[in-house]
Amino acid sequence: MGDRTAFRTCPLCEALCGLELTLDEAGAVTRVRGDEKDPFSKGYICPKGATLGSLDGDPDRLAEPLVAGEDAGWDEAFATVGRRLAEVIARHGRDAVAVYIGNPTAHSIAGPLYGSAIVKALGTRNLFTASTADQMPKHVACGHMFGDPLAIPVPDLDRTGHLLMLGANPLESNGSLASAPDFPGRLKAIRARGGKITVVDPRRTRTAALADEHLFIRPGTDAFLLMALVHTLFAEDLVRTAEHLAGRVNGLDDLRALAVDFAPEDVAAVTGVPAATIRRTARELAAAERAAVYGRIGTCTQAYGTLNSWLVDVLNVLTGNLDRPGGAMFPRPAHAPVYRRKKPFTTGRWRSRVRGLPEVNGELPVATLADEIETPGEGRVRALITIGGNPALSAPNAARLDRALAGLEFMVSVDPYLNETTRHAHVVLPPPRPAQTPHYDIALTGLAVRDYARYSPAVVPLPEGRPSEAEILARLALATSGTGGDPALLDEMIIKATLEKAVALPGSPVLGREPDELRKMLDTGTLTEQRLDMMLRLGPYGDAFGGEPALREESGGASGVTGLTLTRLRTEYPHGLDLGALKPRLDEVLCTTSGRIELCPSTCAADVDRLRSALRDPGTSGGMVLIGRRHLRSNNSWLHNVPELVRGSNTCTLQLNPADADRLGIAAGDTVRVTSRAGALEAVAEPTDTIMAGVVSLPHGWGHDRPGTRTRVASGHAGVNVNAVTDEQEIDPLSGNAVLNGVPVTLEAAR
């Protein structure tokens, strides 16, 4: 039969790149190249995507469930889960079971479709996710400003002429909360058409080196800089909210009053950015014909994470660039209906038991998960479900959480590896390998810098009796509810509820029709595919179940597409469908109580008092602080078991400025002890002038030296876990997000 070729979307990061796979007769992936026919990625591929074959064929991937550390059958594994969870719930109640969802679930079709069903079936308030160690401040800021925490503007990279980036390093991360294949090429194109890129970062990253201008900034002080930019726009009469935003903005005068105390001259000493540079940056931003401000993880994982995320879009509004071509725009994913009823955004509907931290987006901060496990009393977490996450490495003060996991009465993990977290699990349920798994980016197309859709069927069939990832999660939902039974019942229930709602909601393309009639029209594939087909048909480009039958395309992108179904997407567009450049859609997105953009939400305004107090009394800010670091060949802890990705520059070293190294008597290759309130670690020193004085940097996702794991390559390149010294007591109060940047530390040569 010989080799064959298949196509799919890369599932390893947020860039949505199309891949061309070569497979041998046994179904092993032997070569990976970029899919040149993909209209979004156009053949681009990064080192991570190029190794998908190694990840897919990794011999350390679990093929069968583990029960008490031994291979077991699927029925036995799910029976154990159902029995043990029922015992915990009977003794201690439903809140005694917690759920942790890691970010790999966002890179799949099954995770977004079934994760919430598990939480709902369980009925617990103790939901934790990787979001509170990453992007939760952006959700909170957008929820308060636009009414929807998922309405996140992204920079219109392909049309902007001026890009200001803070805390982002897309040349190594491939972008985040802005899905853009070939992010480096898109940045180079901005410069090629005469635009300007300014990067604000404590390190001269690869992205900063590409930019026209790099501004070093003291870690944790981005909010001061952003407020100074806002101050300058008001003080110099540079505010231009633009005609398309006229009458759509509340709080302009309140914001002006808040910014008065943050003159560039007052924040320069705190940030390390000269006042003249701040003023010039504001003027250039205001003068640009098309501009966008983009902030990412470096701005979120700070003590002022929500203020940073809010002020990024405040600047986009004040310069008239929100919801405007070349500015910051809202993507329109093909599967998300625009008619859905939205409730006003709020937080704090419940609070964590131990520290009283408010719920945000239905979840609690991962920074308090160890508290909930360790602290005795009613409501104590006794059991845990983890789905695609490794919080024993990724959570702040991870060593404490690692110890807490060991004391749980029961733990079940959905994960392909026995890693630092899942080694504590009593049951491990491994999903199939990527080649055996269909793919559609439910989460990430809502953040794409160009509207786009692509469905990738599995390219290798599942072995007989091997459940799909969707079936594993559906069975887990049924097991947690205590009902068990056929997982198809869950899908049918969701399809029925969705269609009944769709025919009743004003603005729906199927308003008034019969749900049973629509159910019969769905795709004939798996139930997961039928659910996706339903979503596409009800979406902004869908066929409305026959109501919009034509599939129209326009030159340069199908901005006028209707008539989309999963069958059409799968058969007519196997390389993906370009749905056109981002389009203004503020009216579709905005759902605040006032019906306007809330430029100065009361919660953010109140937190500015904390920022103002810190400006007046900065305290002891002269010590060393720790920040994270991205690697091009890494994505958190996922890929360290791939031999090709733990070579070369992808090493776990402690970067520090040569002046600090000389002052402390530290030479390249020395072992350095790093200490914080939370703990200590030892790492190999790498002096470099790419990092500003007073700052040290360690990459995240390392620390693979724990006993009981089965990741041989990662264990052989263990590195050290930066979260041994991050502090679970330090969070952004508005979002509960962990503070992983700007962590105060002391350094000394290890003895």
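Predicted model: local features only at pLDDT ≥ 70, side-chain atom pairs only at ≥ 80, totals over all residues.
Thr565 lies in the loop between α21 (527–538) and α22 (566–572). Its relative accessible area is 7%, and a residue counts as buried under 20%, so Thr565 is buried.

Leaving aside residues up to four places away in sequence, Thr565 touches Asp533, Leu536, Arg537 and Asp543. Gly628 is 63 residues apart from Thr565 along the chain, and the C-alpha atoms of the two are separated by 42 Å.

## Packing of α9 and α14

Helix α9 spans residues 222–235 and helix α14 spans residues 305–318. Their axes come within 9 Å and cross at roughly 25°. Angles under 35 degrees count as roughly parallel, and therefore α9 is roughly parallel to α14. The crossing of the two helices is left-handed.

On the α9 side, the residues in contact are Asp222, Ala223, Leu226, Met227, Leu229, Val230, Leu233 and Phe234. They meet Leu307, Asn308, Leu311, Val312, Val314, Leu315 and Leu318 in α14. By class, the residues of this contact divide into 13 nonpolar, 1 polar and 1 charged.

Technical notes. Residues numbered from 1 in each chain as written. Heavy atoms only, no water. Axes fitted to C-alpha atoms, helices over the stretch in contact; angles between N-to-C directions. Helix = DSSP H or I, 4+ residues; strand = E, 2+ residues; numbered from the N terminus. Parallel < 35°, antiparallel > 145°, perpendicular 65-115°, else oblique. Left-handed = near helix turned anticlockwise from the far one by under 90°. Contact = heavy atoms within 4.5 Å. Nonpolar A, V, L, I, M, F, W, Y, C, P; charged D, E, K, R; others polar. Buried < 20%, exposed > 50% of the residue type's maximum accessible area, 1.4 Å probe, protein only.
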